[in-house]
Amino acid sequence: MPVILGSPDATVEISLPGHPDEEELDRRTFNGTVVALTADALLPKTPTLPERVGPAHLRYLQACVQKLWARDWTVGGAWLLRQATMLFQQAKDLIDEGEYPSSLAPDLLKVGANLGVCGSFIAFDAGDMATARRLAQDARLLADGTDDGGLRAHVYATMALQSTSLARLSGRRGPAREALRFLDCAEDAARYEMSPRLGALINMRRATAAALLHDENTARGAVLTAYRELDRGPSSCDRPWFEFVTQAEVRGHEARAAADAGDHKRAVILYEQTLEDPTLLPRNRTFYEARLASVRLEQGDRSGALETARSALTALEGPVSGSVRTLDTLQPLSATGDEDFNRRLAAVAHAMRRKYPA
């Protein structure tokens, strides 16, 4: 019983693992609401709960969350937000109203929280900060009911990312300080976790928040700690949704911290080094190209900025067609007055608005 995630030209099917003697998902209720989640599917507003929630429902949601993360890294948030929010709501309905054995409750809370934090990041990349914040708050409430420190840390690190973005957009210090408080909570939650990638994630996000507060020592120390975490090598404690946390990703955060500190020359070098890494995931590669173009433009390098921006725009016209955050990063390049670039940029913006209206 597949679920399809992604854009019409880039879909992935999720098949529910299970055994023939296990309970069937009721096709008229839970399964019926998610079996055909294409990019343009019309989803029912009031799905019916199954009579009894069992392990098959849990495994189905676990499969969905892993595929959602993977598709977000490839196509971006606008294509996936409707699916993500619907799946999260269904998970919450199962947890809040469903009939299930107490032994299943901890895992249902975990998968629900994971869907929430995944949906929160997808909303963030889709440019919908209000939904991103709401989903993160809901995910935190679910995660706080578990004994999973790594999951709680991931929720707090995601909330920190959003607060840092709000600080950057508003020019206010308060959200950046809020981000650091969230990261303190993440570190506390993860104190018994052994995942190098989780440790690196927390520290690279600390670096960008500290940079906005002009705290260069904290930013530099956090970057070095993130690199040291990854130097410990891959670990069985690393969860699939931390796959994007690599040396290149840390370097991208280091570049952002340098740009926020006003050191555009160093930021350009770091972004260039980031983009040389072949392991960088498609959506993030496109975002860092847009960031490099933006910094080059601030340096006064119009031709270099346009060259990089065109590469990012080509990705937005193709496989990475749902990253509103990347599109927003490219918008200042319209000031260059390049007619072909502006025409293409407007066409991509129109396509995204049609797909995911604000």
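Two residues are in contact when heavy atoms lie within 4.5 Å. In this predicted model, Thr286 is in contact with Ala312, Ala315, Leu316, Val320 and Thr326, leaving aside its neighbours within four places in sequence. Thr286 sits in helix α12, residues 282-299. Its relative accessibility is 3%, so Thr286 counts as buried, the cut-off being under 20%. A polar atom of the Thr286 side chain lies 3.0 Å from the backbone oxygen of Pro282.

From first C-alpha to last, α12 reaches 26 Å, close to the 26 Å expected at 1.5 Å a residue. Just after α12, Gly300 takes a positive phi of about 95°.

Helix α12 also takes part in a pocket. The largest pocket has a volume of about 730 Å³, and α12 is among the elements that give two or more residues to its lining, together with α2, α4, α6, α8, α10 and α14. The most comes from α6, with eight residues. The lining has 33 residues, and Phe124, Ser165, Arg256, Phe287 and Arg325 lie nearest the pocket centre. By class, this lining has 13 nonpolar, 11 polar and nine charged residues.

The second largest pocket holds about 270 Å³ of space. It is lined by 15 residues, of which Glu216, Ala219, Arg220, Ala257 and Arg266 are the closest to its centre. Helices α8, α9 and α10 each supply at least two residues of the lining of this pocket, and α9 gives the most, with five. Its lining has eight nonpolar, one polar and six charged residues.

Notes
Residues numbered from 1 in each chain as written. Predicted model: local features only at pLDDT ≥ 70, side-chain atom pairs only at ≥ 80, totals over all residues. Heavy atoms only, no water. Helix = DSSP H or I, 4+ residues; strand = E, 2+ residues; numbered from the N terminus. Buried < 20%, exposed > 50% of the residue type's maximum accessible area, 1.4 Å probe, protein only. Polar contact = N/O pair within 3.5 Å; in protein donor to acceptor, adjacent residues only side chain to side chain. Expected span 1.5 Å × (residues − 1). 1 Å grid on protein atoms, 1.4 Å probe; cavity = no way out; pocket = protein on both sides within 12 Å on 5 of 7 lines; lining within 4 Å. Points joined across faces, edges and corners; volume = space filled by probe spheres on them. Nonpolar A, V, L, I, M, F, W, Y, C, P; charged D, E, K, R; others polar.
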